[in-house]
Amino acid sequence: MAVPIANSIRRLRFEHGEMTQGELAEKIGMTRQTVAAIEAGKYSPSLEAAFRIAAVFGVGLEEVFQWQG
Amino acid sequence: MEAPMSFREKAAWIGLVSAVVCFGVYFGSIALHRISGRGPSAMHLMALCAAAYVALQGGLTFLAARATPGAGAPPDERERLIQARSHTLGYYLLTVLVVALGAPLHFGHPAPDILNFAMLDVVVAGCAVSIAQIVMYRRGI
């Protein structure tokens with residue numbers, strides 16, 4: 001079941017030198033499969049992981065994740 | 001594009017396949033023995049199947065670890081969540097199956113049968129954990 005949180009990870013990855021899911025996963029200490037699940041909206045990351053993702057792209061949390069509820 | 005399997009998803013598949021193959025042979029032989037009255041000693045068969053299970057799971061896990069980059073990394077938060085949920089399911093299933101052991105006891109089955117039923121409970125619960133993990137890995141969570 002998809003979670004009510006949209007994200008812009010795919011766009012942000014491509015805006016940051018076409019970063020691969022594997023590269024992002026390595027930077028935040030997760031597996032590529034977990035990054036794929038987050039990006040597809042199948043898994044909601046913890047607050048810590050969300051901040052790590054935002055920090056990799058150098059943007060605020062709300063630019064990465066948007067509440068759709 | 002479908003992401004390739006993570007090491008822990010491969011490990012779940014390996015655990016499931018190893019258990020089904022090795023303990024399938026064991027319980028199948030026990031069932032045939034009960035029907036035909038012939039077959040190998042249960043103790044020898046158990047030792048053989050347990051050794052085959054350890055060897056199969058160990059060997060396949062070793063191969064999967066060598067073929068998967070980052071296999072030695074600790075589980076991330078999603079993998080820990082999947083492990084926790086699947087083991088919770090396995091715990092409740094095992095609890096129900098252990099309580100259900102009262103049925104063969106009630107009908108006066110001998111001790112070796114009860115031991116085999118108990119082993120079957122553990123194998124079924126272990127398979128349920130692996131299946132739950134595989135389903136959650138495939139679904140994303």
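## Helices α1 and α5 of chain B

In this predicted model, helix α1 of chain B passes helix α5 of chain B in a left-handed crossing. The two helices pack at an angle of about 150°, with their axes 9 Å apart, and α5(B) covers residues 111-139. Since angles over 145 degrees count as roughly antiparallel, that angle makes α1(B) roughly antiparallel to α5(B).

On the α1(B) side, the contact is made by Glu9(B), Ala12(B), Trp13(B), Gly15(B), Leu16(B), Ala19(B), Val20(B), Phe23(B), Phe27(B) and Ile30(B). Facing them on α5(B) are Asn116(B), Leu120(B), Val123(B), Gly126(B), Cys127(B), Ser130(B), Ile131(B), Gln133(B), Ile134(B) and Tyr137(B). Sorted by class, the residues of this contact between α1(B) and α5(B) comprise 14 nonpolar, five polar and one charged.

## Two residues of helix α1

Two members of that contact, Gly15(B) and Phe27(B), can be looked at individually. Gly15(B) belongs to helix α1 of chain B, and it counts as buried because 22 C-beta neighbours lie inside 10 Å, where the cut-off for a buried residue is 20 or more. When its neighbours within four places in sequence are left aside, Gly15(B) is in contact with Gln57(B) and Ser130(B). Ser130(B) is also listed among the α5(B) residues of the helix contact described above. Gly15(B) and Val98(B), by contrast, are 83 residues apart in sequence and 22 Å apart in space, taken from C-alpha to C-alpha.

Phe27(B) likewise lies in helix α1 of chain B, but with 17 C-beta neighbours inside 10 Å it counts as partly exposed. Although Phe27(B) and Asn116(B) are 89 residues apart in sequence, their C-alpha atoms are 8.2 Å apart in space.

## Helices α1 and α2 of chain B

Helix α1 of chain B, which runs over residues 7-36, also packs with helix α2 of chain B, residues 42-67, at an angle of about 165° and with the axes 9 Å apart. The pair α1(B) and α2(B) is therefore roughly antiparallel as well, while the crossing of these two helices is right-handed. The residues that form the contact of α1(B) with α2(B) divide into 20 nonpolar, five polar and one charged.

## Where chain B meets chain A

Between the two chains, 10 residues of chain B are in contact with 13 residues of chain A. Helix α3 of chain B, residues 77-100, supplies the largest share of the chain B side, namely three residues. By class, the side of chain B that touches chain A holds two nonpolar, three polar and five charged residues.

## The fold of chain A

Chain A has five helices and two strands in its secondary structure, and from the N terminus on its elements follow the order β-α-α-α-α-α-β. Among the contacts in chain A with a separation of 6 or more, 58% are accounted for by residues 24 or more positions apart.

The C-alpha trace of chain A spans about 30 × 25 × 20 Å along its principal axes. A compact globule of 69 residues would have a radius of gyration near 11 Å, and chain A, at 11 Å, agrees with that expectation. Of the 69 residues in chain A, 29% count as buried.

How values were computed
Residues numbered from 1 in each chain as written. Chains lettered and ligands numbered in written order. Predicted model: local features only at pLDDT ≥ 70, side-chain atom pairs only at ≥ 80, totals over all residues. Axes fitted to C-alpha atoms, helices over the stretch in contact; angles between N-to-C directions. Helix = DSSP H or I, 4+ residues; strand = E, 2+ residues; numbered from the N terminus. Parallel < 35°, antiparallel > 145°, perpendicular 65-115°, else oblique. Left-handed = near helix turned anticlockwise from the far one by under 90°. Nonpolar A, V, L, I, M, F, W, Y, C, P; charged D, E, K, R; others polar. Contact = placed C-beta atoms within 7 Å. Rg over C-alpha atoms; globule rule 2.2 N^0.38 Å. Buried ≥ 20, exposed ≤ 12 C-beta atoms within 10 Å, placed from the backbone.
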